[in-house]
2 protein chains.
Amino acid sequence: MRRDVFQAIADPTRREILGMIAREKLNLNSVAENFPVSRPAISRHIKILTECGLVTIKQLGRERFCEANLESLNQVSEWIDQYRIF
Amino acid sequence: MRRDVFQAIADPTRREILGMIAREKLNLNSVAENFPVSRPAISRHIKILTECGLVTIKQLGRERFCEANLESLNQVSEWIDQYRIF
DNA sequence: TATATTTGTAACCGATCGGTTAAATAACGA
DNA sequence: TCGTTATTTAACCGATCGGTTACAAATATA
């Protein structure tokens, strides 16, 4: 299920998650600790972020470390840049 | 009702509308002609775009011309730019 | 082996989304 | 004035969203 980057970053929680793991790789529990929502909710957010390539997962034992992969944001900035001519 | 730019551009139809009126001001009917959805649907899309500042309306008689106001996109590009350091 | 830890999945819920059709409002043209 | 044109609003609909709790699965640890 190929996801849309525009839709992925529309949610403020997902943008926060991206900002958080852009600084350092974190496993899912560590990410979830920082939000007032449940772990399954964070799990689904991260799933959406991986489905559009913004996050990649490195499994280490039972832990899954989330890494930001921000090249996909170019899809957005390129779309914006086409209007920068004006 | 202050709208979120990220959420406004998440919808592909709204992005198309923006691209269309970035080239030239168009009244609502002219915009709607270019899409396979009804006029009321386009009307609501444009309302959302105005609510976050991406579109401004100039009323001329009974027609309302839609003008793209793309400075609000800076909110998005600035958010992306903070990661360009990496 | 038994238990604790990390995570994903399923089932559900209320709110929002994007669409529709029908009716209301307002301005133009004959 | 009356009909046409441009647009918004209201009421509705099914799908999706973001959240929850409960449970399953897999790995680490005592």
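How many residues of chain A are in contact with chain B, and how many residues of chain B are in contact with chain A? The count is 19 residues of chain A and 19 residues of chain B. The model is predicted.

## The interface between chains A and B

About 1,700 Å² is buried between chain A and chain B. Carbon and sulfur atoms give 74% of that area. On the chain A side, 32% of the area buried against chain B is supplied by A:R15, A:W79 and A:Y83, more than by any other three residues.

Polar links between the two chains are counted in two ways. There are 2 salt bridges between chain A and chain B, and 2 residue pairs are in polar contact, both residues being at pLDDT 80 or more. In one salt bridge, the side chain of A:R15 meets that of B:D4, at 3.8 Å from N to O. A:R15 is also one of the three residues named above for their share of the buried area.

## Elements and residue classes on the chain A side

Which elements of chain A give two or more residues to the side that touches chain B? They are α1 (5–8), α2 (12–23) and α5 (74–81). The largest share comes from α5(A), with 5 residues.

By class, the side of chain A that touches chain B holds 12 nonpolar residues, 4 polar residues and 3 charged residues.

Of the atoms of DNA strand D that come within 4 Å of the protein, 71% belong to sugar and phosphate.

Four elements each supply at least two residues of this surface: α4 (39–51) of chain A, and α3 (28–33), α4 (39–51) and β3 (63–68) of chain B. By class, the surface near DNA strand D has 10 charged, 7 polar and 5 nonpolar residues.

## Side chains at the phosphates

Which side chain has an N or O atom 2.4 Å from a phosphate oxygen of DNA strand D? It is that of A:H45.

From chain B, a polar side-chain atom of B:S43 is 2.5 Å from a phosphate oxygen of DNA strand D.

Notes
Residues numbered from 1 in each chain as written. Chains lettered and ligands numbered in written order. Predicted model: local features only at pLDDT ≥ 70, side-chain atom pairs only at ≥ 80, totals over all residues. Heavy atoms only, no water. Contact = heavy atoms within 4.5 Å. Buried area = accessible area lost by both parts, 1.4 Å probe. Salt bridge = Lys/Arg side-chain N within 4 Å of Asp/Glu carboxyl O. Polar contact = N/O pair within 3.5 Å; in protein donor to acceptor, adjacent residues only side chain to side chain. Nonpolar A, V, L, I, M, F, W, Y, C, P; charged D, E, K, R; others polar. Near = heavy atom within 4 Å.
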